[in-house]
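User: I am new to this structure and would like to understand how it is put together. Could we work through it by question and answer?

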Amino acid sequence: MNWLLVVVGAVVGAPLRYLADRAIQSRHDSAFPWGTFTVNVVGCLVLGVLTGAAAEGAASAHLQLLIGTGLCGALTTYSTFSYETLRLAEDGSRFYAAANVVGSVAAGLGAAFAGTAVAEAVWG
């Protein structure tokens, strides 16, 4: 039944990604893909907290499947990040394309480390 946990997490994560992306992007008129950037950073933060909680023994394998694989797997999107970065570069917005790559990687890593640190502080 592990697959069912992944499916349930994804059923929540995929629409959450779409709705968050549309809500955030509608508030900006720049070419930068703020919606995708935000869901990816939030997903990294959640995954960091989950990883830290699992390392401290506070998160079960079932919770990791539900939240980590299912929810975060459907919430975050590397393919859309790649597509939007390529589209920015092709449209001549090379600064936004480079900022998307550097900002997404830096913010995602920072969020994952911060999430792990928070989990260790809470459950450590």
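User: Which residue with a positive phi follows H2, and what is the value of that phi?
Analyst: This is a predicted model, and the values here are computed from it. H2 is followed by Gly57. The phi of Gly57 is positive, near 80 degrees.

User: How many helices and how many strands does the protein chain have?
Analyst: From the N terminus on, the elements run α-α-α-α-α. The C-alpha atoms of the chain fill a box of roughly 50 × 30 × 20 Å along the principal axes. The count for the protein chain is five helices and zero strands.

User: What percentage of the contacts with a separation of 6 or more is due to residues 24 or more positions apart?
Analyst: The protein chain has 124 residues, of which 29% count as buried. Among contacts in the chain with a separation of 6 or more, the share from residues 24 or more positions apart is 71%.

User: How far does H2 reach from its first C-alpha to its last?
Analyst: H2 has 22 residues, for which 32 Å is expected at 1.5 Å a residue. The reach in the model is close to this value, at 31 Å.

User: Which helices are included in what covers the buried residues of H2?
Analyst: The buried residues of H2 include Gly35, Phe37, Asn40, Gly48 and Ala53. What covers the buried residues of H2 includes helix H1 (2–25), helix H3 (61–75), H4 and H5.

User: Which helices are included in what covers the buried residues of H5?
Analyst: In H5, the buried residues are Ala97, Asn100, Ser104, Gly108, Ala111, Gly115 and Ala119. Their cover includes H2 and H4.

User: Is Asn100 buried or exposed?
Analyst: Asn100 is in helix H5. Leaving out residues up to four places away in sequence, Asn100 touches Phe32, Pro33, Phe37, Phe81 and Thr85. Its relative accessible area is 2%, and the limit for a buried residue is under 20%. Asn100 is therefore buried.

User: With which side chain does the side chain of Asn100 make a polar contact?
Analyst: Thr85 is among the residues that Asn100 touches. The polar contact, at 2.7 Å, joins the side chain of Asn100 to the side chain of Thr85.

User: Which helix gives the largest share of the lining of the largest pocket?
Analyst: The largest pocket holds about 190 Å³ of space. Helix H2 (34–55), helix H4 (78–90) and helix H5 (94–123) are the elements that give two or more residues to its lining. The largest share is four residues, and it comes from H5.

User: How do the lining residues of the largest pocket divide into nonpolar, polar and charged?
Analyst: The lining consists of Asn40, Val41, Cys44, Thr76, Thr77, Tyr78, Phe81, Ser104, Val105, Gly108 and Leu109. By class, these residues divide into six nonpolar, five polar and no charged.

User: Which residues does Asn40 touch, not counting residues up to four places away in sequence?
Analyst: Asn40 lies in helix H2 and is one of the residues that line the largest pocket. With a relative accessible area of 13%, Asn40 is buried. Beyond four places in sequence, Asn40 touches Thr76, Thr77 and Phe81.

User: What distance separates the C-alpha atoms of Ala54 and Gln64?
Analyst: Ala54 is in helix H2 and counts as partly exposed at 25% relative accessibility. Not counting residues up to four places away, Ala54 touches Ala59 and Gln64. Ala54 and Gln64 are ten residues apart along the chain, and their C-alpha atoms are separated by 7.8 Å.

User: How far apart in space are Val118 and Leu45?
Analyst: Val118 lies in helix H5 and is partly exposed, at 45% relative accessibility. Val118 and Leu45 are 73 residues apart in sequence. In space, C-alpha to C-alpha, they are 9.7 Å apart.

Notes:
Residues are numbered from 1 along each chain as its sequence is written. This is a predicted model: local features need pLDDT of at least 70, side-chain atom pairs count only at pLDDT 80 or more; totals for chains, interfaces and linings use all residues. Side-chain values use heavy atoms; hydrogens and water are left out. On a 1 Å grid over the protein atoms alone, a cavity is a set of points where a 1.4 Å probe fits but cannot get out, and a pocket is an open set with protein on both sides within 12 Å along at least five of seven lines; lining residues have an atom within 4 Å of a point. Grid points are joined across faces, edges and corners, and a volume is the space filled by probe spheres set on the points. Ala, Val, Leu, Ile, Met, Phe, Trp, Tyr, Cys and Pro count as nonpolar, Asp, Glu, Lys and Arg as charged, and the others, Gly among them, as polar. Buried means under 20% relative accessible area, exposed over 50%, partly exposed in between (1.4 Å probe, protein chains only). A polar contact is a pair of N or O atoms within 3.5 Å; within protein, one must be able to donate a hydrogen and the other to accept it, and residues adjacent in sequence count only if both atoms are side-chain atoms. Contact means heavy atoms within 4.5 Å. The expected span of a helix is 1.5 Å times one less than its number of residues.
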